[in-house]
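User: I'm new to this one. Can you walk me through it?

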Amino acid sequence: MPKHHVEKELKELTGNPAPFIQLLIKNKADREEALHQLTEGPAHKQLYSSLLLQRMHSLIRSVEHHTGEKFTRQEGITLVSHKEETEIPIPLLLEEIGESKQEAVAEVLSHAPAHEIVAFNSLLQGIEWCISSLEANNSL
C-alpha cells in the first residue's frame, strides 16, 4: 500500500480535530485556516495533533457532563507565527507564568510553525478550562 494511503487511513483512526477547533474558533475562515494548519508539517505531527485534539475534546465533554459547566474559550495572548507570518486565532494561555515573563515566553513560542501553535494553544485552552471547571466544582 502506498505511504499516503497508510497515512490517510491512520488519520481516520486518530480522530477528527474539527469539532474541538469549532469550539475554539467561531469565525469560519479562521477555523478553516486553523484546520488547514493542522494538515501541515510532518505526518507524525499531524497524527499526534489529531489524536491529542480529539482526546482533549472527549475530556472536555466529560468535564462538561460531570460539572455542568459549558466549555468557553479563554482570552489570552495572540501569537503570530514568525515562520509563516500567520496570526493564530487561538489565544495562548500562560496561567502558570507570571505576567512579567509572559511576553518573553510568547516571543519564543511565536517562532514555532503555525501548525504547532494551533495544536498547542488548543490543548492549553482545553487543559486550563478543565482545571478551572474542576476546581470551581471542587472536583480536584
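Analyst: Here is a short tour of the core, a loop residue and a helix residue. This is a predicted model, where local features need pLDDT of at least 70, side-chain atom pairs count only at pLDDT 80 or more, and totals for chains, interfaces and linings use all residues. Residues are numbered from 1 along each chain as its sequence is written, and side-chain values use heavy atoms, leaving out hydrogens and water.

User: How many residues does the largest nonpolar core have?
Analyst: That core has 26 residues. A nonpolar core is a set of buried Ala, Val, Leu, Ile, Met, Phe, Trp, Tyr and Cys residues joined through side-chain atoms within 4.5 Å. Phe-20 and Leu-24 are among those with the most contacts inside it.

User: Which helix supplies the largest share of this core?
Analyst: H6, with seven residues. Helices are DSSP runs of H or I, at least four residues, and strands are runs of E, at least two, numbered from the N terminus.

User: What does Leu-24 touch?
Analyst: Beyond residues up to four places away in sequence, Leu-24 touches Phe-71, Arg-73, Ile-90, Ser-122 and Gln-125. Contact means heavy atoms within 4.5 Å.

User: New topic. Where is Glu-85?
Analyst: In the loop between strand S1 (80-81) and strand S2 (86-87).

User: Why does Glu-85 count as exposed?
Analyst: Because its relative accessibility is 69%. Exposed means over 50% relative accessible area, buried under 20%, partly exposed in between (1.4 Å probe, protein chains only).

User: And Thr-67, buried or exposed?
Analyst: Buried, at 13% relative accessibility. Thr-67 lies in helix H4.
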